[in-house]
Amino acid sequence: MRRCKMAILRLIACFVLYASLGHLPSSLAVILRTTDKIVWANEFEPIELTCLIESISTNNPRIEWKKIKNGVPSYVYFQRKIAGDLEHRAELREPANILIYNATRSDTAEYRCEVAAIDDQRDFDEILISLAVRVKPVVPRCSVPEAVTVGTSTELRCLENEGFPTPLYRWFHNNEELPQDPKSSPKFVNSSYTINPDTGSLKFRRVRKEDAGEYYCQAKNDAGHAQCPSKWMEVYDVDILDIFFKSFGAVLAFIILTALIWQCLMRVCSSKKGHNENDFSWPAQNDGVDFGDADEGHFRHKSSFII
């Protein structure tokens, strides 16, 4: 008998110690789990966040879902109804899963499933799930020069700012993808281009005649891809004779213009000089007056006045 009593006391002591450490039998505690704590979904597609109740004794537990974005929580399931951002776009599935009909980029956030069971010794449990909604890239904006000269440098640009995660860029020449390292392909081993898949930049250090053709860019992530319309880039040879004639023509035009300006200036100066000489004249002398010499201090009549 004593042995039985001692065994019972030990069992009770172990149970108390086990309970004090938080290890309760499943029938006395609400326990939650999820299939995925990090969930990815494509935009406009359905996604289900799982909140599985492994153990519970309470018949009608209180279930709540909260959306946590930028550290601010808000209800999306409260008092047995879908609420907040998910209203009319989701439903609760037994036992506590939440199904979003059409996920959008604004649904990217953390979601917390909370279950309260008043009849259980451990009457509350919660689980946190991170949802990231992938967004397909839109048509990128591409910049391709219409014409470049052999031996010069140029840059082609590609930009897309809607996709999530941030897309990577690929360039195509005449419908053939350009390898990121031109040295890895015998066809492009002599090319001098570099591709930055993160920024969408395609730079040519020295353009070759073979680089002429159609170019387009593709932006791609896990949700899909999009590409811009192809554009033609022409590559011209260096025309030494044309450069010579253009330079000679420019010099000749400068010389002629300088000569014309000089000739005009000379004509203006000559005209002003002639005008000044013609404007100066001695005053006319009266026929009846003799002014005489300056030293005489008087004048005399050369003819008599008739009264």
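Ile47 has Ile100 as its bridge partner in S9. S3 and S9 pair in the antiparallel sense, over three bridges. Pairing here requires at least two DSSP bridges between two strands. Strands are DSSP E runs of at least two residues, helices are H or I runs of at least four, and both are numbered from the N terminus.

Quick note on provenance. This is a predicted model: local features need pLDDT of at least 70, side-chain atom pairs count only at pLDDT 80 or more, and totals for chains, interfaces and linings use all residues. Residues are numbered from 1 along each chain as its sequence is written, and side-chain values use heavy atoms, with hydrogens and water left out.

Back to S9. Strand S8, residues 90-93, also pairs with S9 in the antiparallel sense, over four bridges. Glu91 stands opposite Leu99 there. A hairpin of three residues joins S8 to S9.

Which way do the S9 residues point? Asn97 and Leu99 go one way, Ile98 and Ile100 the other. All are buried, meaning under 20% relative accessible area with a 1.4 Å probe and protein chains only; exposed is over 50%, partly exposed in between.

Now Ile98. Leaving out residues up to four places away in sequence, Ile98 touches Ile47, Glu48, Leu49, Trp65, Val76, Tyr77, Ile82, Leu86, Ala90 and Glu91. Contact means heavy atoms within 4.5 Å.

Ile98 also belongs to the largest nonpolar core, which has 27 residues. A nonpolar core is a set of buried Ala, Val, Leu, Ile, Met, Phe, Trp, Tyr and Cys residues joined through side-chain atoms within 4.5 Å. Leu49, Trp65, Leu86, Ile98, Tyr111, Cys113 and Leu131 touch the most other members. Elements giving two or more residues to this core include S3 (47-49), S5 (62-69) and S9 (97-100). Another core of 23 residues lies apart from it, with Val144, Leu202, Phe204 and Ala219 among them.

Glu64 lies in strand S5. Why does Glu64 count as buried? Because its relative accessibility is 8%. Its side chain makes a polar contact with the side chain of Arg62, at 3.3 Å. That term means a pair of N or O atoms within 3.5 Å; within protein, one must be able to donate a hydrogen and the other to accept it, and residues adjacent in sequence count only if both atoms are side-chain atoms.

Last, the whole chain. The protein chain has two helices and 23 strands. Buried residues make up 32% of its 307 residues.
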